[in-house]
Amino acid sequence: MLTISKKQEDNHMLLLLDGQVDASNSVELDEAIHEVVGQGHKKILVDGSELAYISSAGLGVFMSYLEEFEEQGIHFLIYGLSEKVANVFHILGLDQLITIKSSKEEALETIHEA
Amino acid sequence: MVLYMIKFPNINIGRILILVTVLTWLGLLFVDLLRLFGTVNRMNLGIAHEITWTLEIIFFVLVYLFYSRSIERSEQNNFIQLIWRAASTGLIVIGVAFLIRVFYILLDDTRLSTDPLLGNFFYHVNFGLTTLFLISCSLLWKKLILYQKNKNTVQQWQIYEVMLLVSMFYVYFNQNTFDFTFLFGLVFLLIFGVIISVNLKWIPYLTFKDKWKSILFFVIILITTSFLFMQSLSHQSHHAEINLMDNLFLMGLFGFVFVYSLFSFLVTLFNLPTSSVFEQKLTEAINFQKLSQSIQPGQSETQVLDILVDSCMSAAYADAAWLEIVDEENQLQILHQRFVTNMDRKEIKALMDKNKVFSSFLSLRKPSATDHVNSGVEHDLYKSALVVPIWVNKSLLGYLFLLKEVKNGFNKEMLNIVTTFVGQASISVENHRLLNEAIKNERYKEELKIAQRVQRSLLPSALHHNSHFDIFGFSEAADEVGGDYYETYQFDENRFALIIGDVSGKGLSAAFNMSQMKGVFHSLVQLDLSPKEFLSKANNALSSCLAKNLFITTTYYLIDTAKATITFCRAGHCPTLYYDSKAGEAGYITLEGMGLGILRSDKYPEYLHEKTIHYQPGDILVMYTDGIIESKDQNGEEFGYERLKEVLNTYKDQSPEKIKNHLIQAVYEFVGEAALPDDDYSLMVLKFLEQH
């Protein structure tokens with residue numbers, strides 16, 4: 001079960017993920033990111049505090065947008081991940097390519113600096 | 001020998017019967033001729049009447065047996081043939097009687113015409129033929145009566161037969177006199193004959209044409225019976241002592257044959273107007289059966305729809321019909337059309353579009369409570385129309401249109417039948433589709449089995465090692481096929497390569513990617529590269545192979561037993577679990593490294609890190625995939641890294657095989673009996689051995 005909500009804030013777009021991302025609903029995550037990118041947002045934050053679990057299908061979705069983020073100069077950050085989920089990103093090495101911060105404040109700070 | 005002998009009598013019984021019957025008849029004739037001779041010549045020959053009566057009874061019984069057998073063995077079993085047989089016998093008998101009359105007319109006033117002996121001869125001929133006619137008719141009626149057998153009818157007939165048998169012997173009692181008891185017996189027989197004659201259940205099954213034929217035949221039979229009866233009465237007056245016809249048996253049969261023929265004639269006549277309804281019902285039942293026969297997989301749905309249109313047209317006596325089906329673009333296409341021109345059809349459709357009743361019904365795309373629309377149309381030719389939608393599995397297949405040239409042409413009966421037919425047709429179509437689905441699924445399952453066999457052959461059957469270490473592996477896929485992979489390779493007597501990998505996802509697509517990984521391993525391993533170089537090149541190779549959102553995690557190890565080193569590189573895979581015998585404890589080796597396929601450029605090697613460790617005998621290397629770590633118990637708790645480590649710590653002194661078994665056991669016990677594996681499990685346990 002996954003719920004994705006979008007919120008336009010100050011100077012960035014916020015995606016809130018609630019639940020689990022697996023093979024059955026990873027396409028929803030894909031569609032959400034696709035929509036936000038299509039709308040031309042250059043600063044995208046993902047709130048992962050309610051994200052309980054992410055499977056390889058979900059990780060694959062993030063992975064597939066890396067090139068596009070780089071090409072279009074999009075700042076993409078994930079924050080608030082639980083230790084377990086953050087560990088998954090770390091083991092895979094995805095945290096080397098996607099900026100992962102522990103809190104929203106840190107994430108906003110990073111964007112400002114950019 | 002025995003079989004031959006049993007067969008023998010069968011052929012001849014018929015012939016023997018005929019022979020004996022004819023002999024009996026001749027006997028009767030002879031006795032009566034003799035008697036007559038005596039009377040004429042005023043001699044008292046003292047021939048007892050009992051002889052005649054006995055011969056008469058034997059004659060009746062023989063004729064009865066003959067016809068019983070003949071009718072039983074006859075191939076002609078349909079009603080009209082049976083009735084014709086009776087009628088034709090009657091015609092023959094009448095014909096002969098007629099010929100005799102003609103003969104006498106020709107003889108006119110000659111001496112021969114008044115010869116009593118000749119007269120007696122012809123009397124016997126008529127007697128014989130009358131008996132044949134009456135008994136054969138009765139047995140044919142028996143077949144008609146017992147057409148729809150039930151216990152009652154059979155009992156009735158059996159009683160009647162017994163009564164007839166008794167009546168044969170009655171002549172012994174009344175001495176051939178017409179007394180009160182005779183009359184009583186006759187009335188009794190007649191009443192019972194009437195009761196039995198009510199069994200006319202075969203009549204509705206005749207077609208209209210056959211009914212007319214049977215009416216004709218019964219008229220013939222009635223005329224024959226009446227004529228023969230009159231003839232028998234007229235003979236009474238001439239020669240009182242020669243009297244065969246006054247037998248109660250024959251009288252009873254006269255009555256029975258006549259009554260049954262009369263009833264059949266009347267009932268058939270009165271059934272003529274309604275016979276078309278019965279035939280219609282029969283046709284409907286047959287059509288229903290045709291519709292419900294499942295369509296063979298090779299055939300198409302259109303054949304059922306074809307039968308549907310024809311059946312509905314005939315059931316509703318429609319003047320025209322057509323069937324439209326919904327195609328892929330949600331438009332209506334004409335599939336079948338009967339007796340209506342394209343122009344008329346389009347006109348009627350246009351009229352329906354304008355008519356609210358029709359147009360609102362035709363725009364429904366979901367099944368509703370009303371399953372048809374029946375209303376008038378203002379067309380020059382067609383005055384009433386019936387539209388029935390065909391729903392298959394809640395989606396619209398199409399519409400059936402029926403037209404009639406009269407107003408309010410569709411009555412309730414027709415609506416019922418048509419909607420029933422449509423319902424049955426949609427069931428047949430649905431079954432046909434389900435059958436095709438099932439066949440497709442079977443094919444898919446077969447292909448999956450083949451993939452499974454191929455994939456199982458991709459995992460190694462034996463793991464390379466030398467005397468310095470032992471290694472055991474385990475793998476189980478969640479679905480029929482899985483995405484885990486491990487393998488070993490031996491460069492020389494001291495150097496080995498080990499790899500464990502996990503393709504993202506599971507099932508068929510993961511298995512395909514796994515076989516690609518195996519190909520990459522077998523190609524690159526020959527180059528004897530360092531782990532970091534190996535994984536860099538592997539990343540290049542797989543970048544072109546893998547789909548955009550897929551990645552592979554792997555760890556690649558090089559073991560040198562001469563130097564006692566392990567050099568390895570981790571590409572996004574679960575951290576290696578290592579038991580250090582010196583430290584006496586197991587722990588996870590931390591090493592940075594990104595998974596394969598995540599960064600598909602030459603920047604990838606920057607994210608790979610290589611490590612070398614020296615091992616001691618007793619050290620244990622446990623390589624595994626994340627399916628083991630993430631397996632959940634009934635409460636949703638994960639097995640986790642800690643538990644894996646604990647089990648290794650517990651069984652560190654045992655052989656790698658036993659350690660592998662303990663680890664697997666621990667996972668299965670944790671997950672519980674009922675749970676199905678959610679992900680693939682793979683495991684390799686390597687233990688370095690003491691050297692002597």
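In the predicted model, A:Asp47 stands opposite A:Tyr79, the latter belonging to strand β4 of chain A. The two strands concerned, β3 (residues 43–54) and β4 (residues 75–79) of chain A, pair in the parallel sense, and five bridges connect them. This pairing belongs to an open sheet of five strands in chain A, whose order is β1-β2-β3-β4-β5 and whose pairing is mixed.

Helix α3 of chain A, which comprises residues 83–92, lies across β3 and β5 of chain A, and its course makes an angle of about 110° with β3(A). Chain A contains four helices and five strands in total, and these elements follow the pattern β-β-α-β-α-β-α-β-α when read along the sequence. Of the 114 residues in chain A, 36% are buried. When contacts in chain A between residues at least 6 apart in sequence are considered, 72% are found to join residues at least 24 apart.

For the complex, the predictor gives an ipTM of 0.92 together with a pTM of 0.55.

Within chain B, the average pLDDT is 85, and 93% of the residues score at least 70. Confidence in chain B is lowest in helix α6 (residues 171–174), where the mean is 72, whereas the highest value, 96, is reached in strand β10 (residues 565–571) of chain B.

A local feature of chain B concerns B:Arg35, a residue found in helix α1 (residues 2–40) of that chain. B:Arg35 counts as buried because 21 C-beta neighbours lie inside 10 Å, the cut-off for this class being 20 or more. Although B:Arg35 and B:Leu45 are ten residues apart along the chain, their C-alpha atoms are separated by 7.0 Å.

Technical notes
Residues numbered from 1 in each chain as written. Chains lettered and ligands numbered in written order. Predicted model: local features only at pLDDT ≥ 70, side-chain atom pairs only at ≥ 80, totals over all residues. pLDDT = per-residue confidence, 0-100. Buried ≥ 20, exposed ≤ 12 C-beta atoms within 10 Å, placed from the backbone. Pairing = 2+ DSSP bridges. Contact = placed C-beta atoms within 7 Å. Axes fitted to C-alpha atoms, helices over the stretch in contact; angles between N-to-C directions.
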